[in-house]
Amino acid sequence: MLGRLFFLWMALILVLNPNRVASQANDSLIRTNEALLQTGIPDTQKVRLISELTWEYSFIHPHKAVDWAQKELQLAQKLKSPYWISMAYNDLAIPLIRTGRFTEAIKVLEQSLRIRERLKRPDLAAAYRDWE
């Protein structure tokens, strides 16, 4: 339990840190990624671009970022990629937190954590494992 709380607390600190340079969304990156999504690139590349769009929009239009994160989750599920499903849940939590939807954010962070634990990827669930 303490490990889960620490994991969630660290996620909140990361998301709510107002000093992040990334808060100045890169309009060029957004335009480029949105244009690339209109081309015939494979879904495995699209999911990465959508993840980047979710991140960028989370600083300037968190409600739009929620929409992108949901698209990311749908595509990750279509790809049946546990890694990208986990990332999509994590990416979805960021704009949910920024829009004050904390209960929903905790639920999706827990889903992400469960997948990351099953993947046995220490780089993805290290904060949780270090405190168990």
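Student: What are the ground rules for the numbers?

Tutor: Residues are numbered from 1 along each chain as its sequence is written, and side-chain values use heavy atoms, with hydrogens and water left out. The model is predicted, so local features need pLDDT of at least 70 and side-chain atom pairs count only at pLDDT 80 or more, while totals for chains, interfaces and linings use all residues.

Student: How do you know how many helices and strands the chain has?

Tutor: Helices are DSSP runs of H or I with at least four residues, strands are runs of E with at least two, and both are numbered from the N terminus. By that count the chain has seven helices and zero strands. The order of elements from the N terminus is α-α-α-α-α-α-α.

Student: What makes the length of helix 3 agree with its number of residues?

Tutor: The expected span is 1.5 Å times one less than the number of residues. Helix 3 has 18 residues and should therefore span 26 Å, and its end C-alpha atoms are 26 Å apart, which agrees.

Student: Why are helix 3 and helix 4 called roughly antiparallel?

Tutor: Axes are lines fitted to C-alpha atoms, for helices over the stretch in contact, and angles run from 0 to 180 degrees between N-to-C directions. Helix 3 (residues 43-60) and helix 4 (residues 62-79) have axes that come within 8 Å and cross at roughly 160°. Angles under 35 degrees count as roughly parallel, over 145 as roughly antiparallel, 65 to 115 as roughly perpendicular and the rest as oblique. Helix 3 and helix 4 are therefore roughly antiparallel.

Student: Why are helix 3 and helix 5 called roughly parallel?

Tutor: Their axes are 9 Å apart and the packing angle is about 15°. Helix 3 and helix 5 are therefore roughly parallel to each other.

Student: What handedness does the crossing of helix 3 and helix 4 have?

Tutor: A crossing is left-handed if the near helix is turned anticlockwise from the far one by less than a right angle, and right-handed if clockwise. The crossing of helix 3 and helix 4 is left-handed. Helix 3 also passes helix 5 in a left-handed crossing. For helix 2 and helix 3, whose axes come within 10 Å and cross at roughly 145°, the crossing is left-handed as well.

Student: Which residues of helix 2 and helix 3 meet?

Tutor: Contact means heavy atoms within 4.5 Å. Among the residues that meet are Leu29, Ile30 and Asn33 in helix 2, and Leu49, Ile50 and Leu53 in helix 3. By class, this contact of helix 2 with helix 3 has nine nonpolar, one polar and four charged residues. For the classes, Ala, Val, Leu, Ile, Met, Phe, Trp, Tyr, Cys and Pro count as nonpolar, Asp, Glu, Lys and Arg as charged, and the others, Gly among them, as polar.

Student: Which residues join helix 3 to helix 5?

Tutor: Val47, Trp55 and Phe59 in helix 3 are among those that meet residues of helix 5 including Trp84, Ile94 and Pro95. The contact of helix 3 with helix 5 divides into six nonpolar, three polar and three charged residues.

Student: Why is Ser86 called buried?

Tutor: Buried means under 20% relative accessible area, exposed over 50%, and partly exposed in between (1.4 Å probe, protein chains only). Ser86 has a relative accessible area of 0%, so Ser86 is buried. Ser86 is found in helix 5 (residues 82-98). Leaving out residues up to four places away in sequence, Ser86 touches Ser112, Ile115 and Arg116.

Student: How do Lys71 and Arg118 come out by accessible area?

Tutor: Lys71, in helix 4, has a relative accessible area of 43% and is therefore partly exposed. Arg118, in helix 6 (residues 102-119), is at 61% and so counts as exposed.

Student: What covers the buried residues of helix 3?

Tutor: The cover includes helix 2 (27-37), helix 4 and helix 5. Val47, Leu53 and Phe59 are among the buried residues of helix 3.
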